[in-house]
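Take a walk through this model, one piece at a time. Keep the structure open as you read.

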Amino acid sequence: MHHRTDRVLAEFEAMLGALVPAAAKALGKAIVALDQGARLYPRARGRRLTQLDDETAEAYVRAWLARPGSGGELVRRIRSLVVMCYYELPPVQREIGYQPAPYIEAVSRRRLASYGPQIRAGEAAVTAGIPDAGPGLS
Amino acid sequence: MKGLTTQAEVPGDLRLDCDTVIVGSGAGGATMAVELAEAGLDVIVLEEGGYHPTESFTAQSVRALRTLYRDGGGGMALGRPSVLFAEGRCVGGSTVVNGGMSWRTPARVLKRWSERDGVLDIGEQDLDPFFARAEARHSTGLQDPETIGRDSQLMRAGAQARDWEVVPNRRNQLHCAGTNNCNNGCPTGAKRSMLVTSVPRALALGARLFADCRVDQVTRAGRAVTGVTGHFVRPGGGQGPRLTVRARTVVVAGGALQTPLLLARSGLGSGPLGRNLSLHPNTTVTAFFDEDVTGWQGVHQAFQVREFMTEGLILTATNLPPPTLAALLPAYGRELGELMADYNRIVTAGPLVEDTGTGRVRHLPGLGTQVFYQLTAADAARMVRGVKLTAEALFAAGARRMLLPFHGAPEVRSPDQLRSLLARPVPRRSIQAYSIHLMGTARMSEDPRRGVTDSYGAVHGVPGLFVADASLFPGPTGINPMETVIALAMRNARRLIDRRPAG
């Protein structure tokens with residue numbers, strides 16, 4: 001499980017890197033605030049989010065997710081990013097029956113077997129009529 | 001690769017000359033590049049995103065969001081509700097990550113643009129030759145039957161059980177394999193995006209394309225444009241070498257958000273610039289079936305329910321990969337895990353609304369790009385109606401329970417429960433709204449007070465400056481906008497070629 005957590009964090013960090021700096025910075029600050037803000041949550045008894053047991057942590061996060069306004073919106077965005085990163089992990093996808101790679105491979109083969117000549121003709125048409133076009137982009 | 005240069009190949013500042021510089025390589029920019037290069041013009045295309053070839057595309061959707069989309073696909077138009085939107089940012093633009101749907105602009109929309117907005121030469125008879133040319137270039141047609149997935153079949157069955165009109169989708173595809181990977185980049189090249197059609201054709205014709213290159217400004221001498229300045233973007237976002245391109249013609253095709261922002265920071269464009277944003281808000285019903293649906297097997301969006309198009313509504317089933325679905329579901333922790341455990345029994349479907357409201361994009365000092373959009377009460381009502389109709393179709397197809405895209409809405413388990421729930425008003429702000437069709441922020445009109453460009457994409461009062469993307473639309477198309485963008489780019493390129501100054 002720790003391995004998964006590490007991989008989720010790695011995905012999350014990479015995703016933050018893809019955001020505009022201002023958004024990444026805002027989310028970073030929101031994460032710190034979410035963690036430290038738990039100290040004010042009565043059931044947390046002064047502890048940070050990362051120090052809470054699962055049940056209390058879930059209750060605390062749920063309370064934030066239900067809040068209207070920009071604070072709740074930021075936490076909902078963090079939650080969306082985290083679950084996206086979690087469900088990007090291949091073992092998690094396997095557990096829910098999502099294994100696209102072999103499927104893609106199989107239907108790609110079927111496509112070429114069924115329509116090879118038409119596909120090649122269509123691809124060649126991209127540079128039709130251009131002398132010395134050479135290989136195009138793929 | 002002949003004609004393509006990425007940031008890694010640029011050691012120092014560059015100064016280049018050409019006839020026409022095009023900002024953006026999506027549906028509008030790449031089409032313009034081909035048309036102008038075929039006419040013998042020396043063309044340079046500048047693309048802010050990276051070059052990602054077909055072989056690099058996988059089913060890893062978060063990776064795709066990071067590499068092929070602007071800001072990780074997480075744009076947000078602020079309003080009540082806010083609307084999440086995504087824009088492609090890569091060589092080929094949004095055509096690399098869209099569903100490939102290719103529809104001619106409806107006649108009633110063209111009529112409106114002509115009669116209400118005063119756009120010239122925009123009738124069906126004017127555009128038909130360009131639609132035909134666009135469809136031929138991108139192999140537009142119907143899916144091979146073996147590629148239709150179960151989720152699409154169920155949506156069609158439910159709609160047909162209610163006697164609604166359903167049409168097979170027309171898509172840019174060359175015997176699409178049905179990998180259902182459109183939004184991550186087509187791994188077979190069957191989707192005929194700009195990446196595998198107009199971009200390579202333009203390069204073969206001698207155009208030059210610079211990827212990873214962000215344009216900062218359009219430059220001018222007096223009123224007329226003289227080119228652009230920009231810089232290459234290093235991995236991680238750092239600023240690389242500077243680029244200066246001198247050209248007598250500049251075509252801006254960065255999409256309905258980036259185009260007005262570039263014009264505005266260049267001190268160009270008139271009052272309507274950045275306003276009039278339409279975005280075809282859409283939303284998603286999540287339906288659970290008893291049977292295995294495996295919606296990720298089969299083409300992305302095989303059909304559209306057109307029964308309610310006169311009301312401005314299209315319904316369709318679109319499978320979402322696990323990361324995206326998990327992000328949208330109104331659940332957390334164990335509850336989310338239980339919902340996702342049924343992933344293969346889920347159909348996601350929903351309405352797309354031809355919106356009547358408009359929004360605005362602008363750059364605010366200290367805050368950066370801000371997009372504002374307020375869903376009107378009428379459009380919100382149509383979204384709710386679209387959700388109801390979608391859910392009715394899915395119940396008719398055998399769905400057992402559904403999650404509706406309204407914050408706080410309970411799960412519904414029967415058509416009666418659905419009717420009862422939706423008999424009460426749905427707060428507008430509770431609607432989960434999304435968009436992938438951004439349009440209208442540099443709209444065409446012969447009247448400079450109403451439009452940023454004339455009827456052919458030429459920016460009013462700035463000789464040599466053109467727009468070639470969905471910014472041009474005077475209003476929403478009510479259907480997938482890609483073919484309209486391509487056809488307008490072809491039409492406007494012809495005008496540009498015919499009217500360019502000699503020498």
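**Helices, sheet and interface**

Helices H1(B) and H12(B) cross in a right-handed sense. This is a predicted model. H1 covers residues 27-38 of chain B, and H12 covers residues 482-499 of chain B. Their axes come within 8 Å and cross at roughly 35°.

Which residues make the contact? H1(B) contributes Ala27(B), Gly28(B), Thr31(B), Met32(B), Glu35(B) and Leu36(B). From H12(B) come several residues, among them Met482(B), Val485(B), Ile486(B), Ala489(B) and Leu496(B). By class, the contact has 11 nonpolar, three polar and one charged residues.

Now turn to the sheet in chain B. The sheet is open and has six strands, in the order S1-S10-S4-S3-S14-S23. The pairing is parallel. Strands of a sheet pair through backbone hydrogen bonds. At the edges sit S1 (4-5) and S23 (465-467) of chain B, and each pairs on one side only. S23(B) is joined to S14(B), residues 249-252, by three bridges. These two strands run parallel. Here Val252(B) stands opposite Val467(B) of S23(B).

Last comes the interface between the chains. On chain A, 47 residues are in contact with 64 residues of chain B. The size of an interface is often given as the accessible area lost when the parts come together. Chain A and chain B bury about 4700 Å² between them. Carbon and sulfur atoms account for 60% of that area. How many salt bridges link chain A and chain B? The count is two. Arg66(B) forms a salt bridge with Glu11(A), with the closest N and O atoms 2.9 Å apart.

Conventions: Residues numbered from 1 in each chain as written. Chains lettered and ligands numbered in written order. Predicted model: local features only at pLDDT ≥ 70, side-chain atom pairs only at ≥ 80, totals over all residues. Heavy atoms only, no water. Axes fitted to C-alpha atoms, helices over the stretch in contact; angles between N-to-C directions. Helix = DSSP H or I, 4+ residues; strand = E, 2+ residues; numbered from the N terminus. Left-handed = near helix turned anticlockwise from the far one by under 90°. Contact = heavy atoms within 4.5 Å. Nonpolar A, V, L, I, M, F, W, Y, C, P; charged D, E, K, R; others polar. Pairing = 2+ DSSP bridges. Buried area = accessible area lost by both parts, 1.4 Å probe. Salt bridge = Lys/Arg side-chain N within 4 Å of Asp/Glu carboxyl O.
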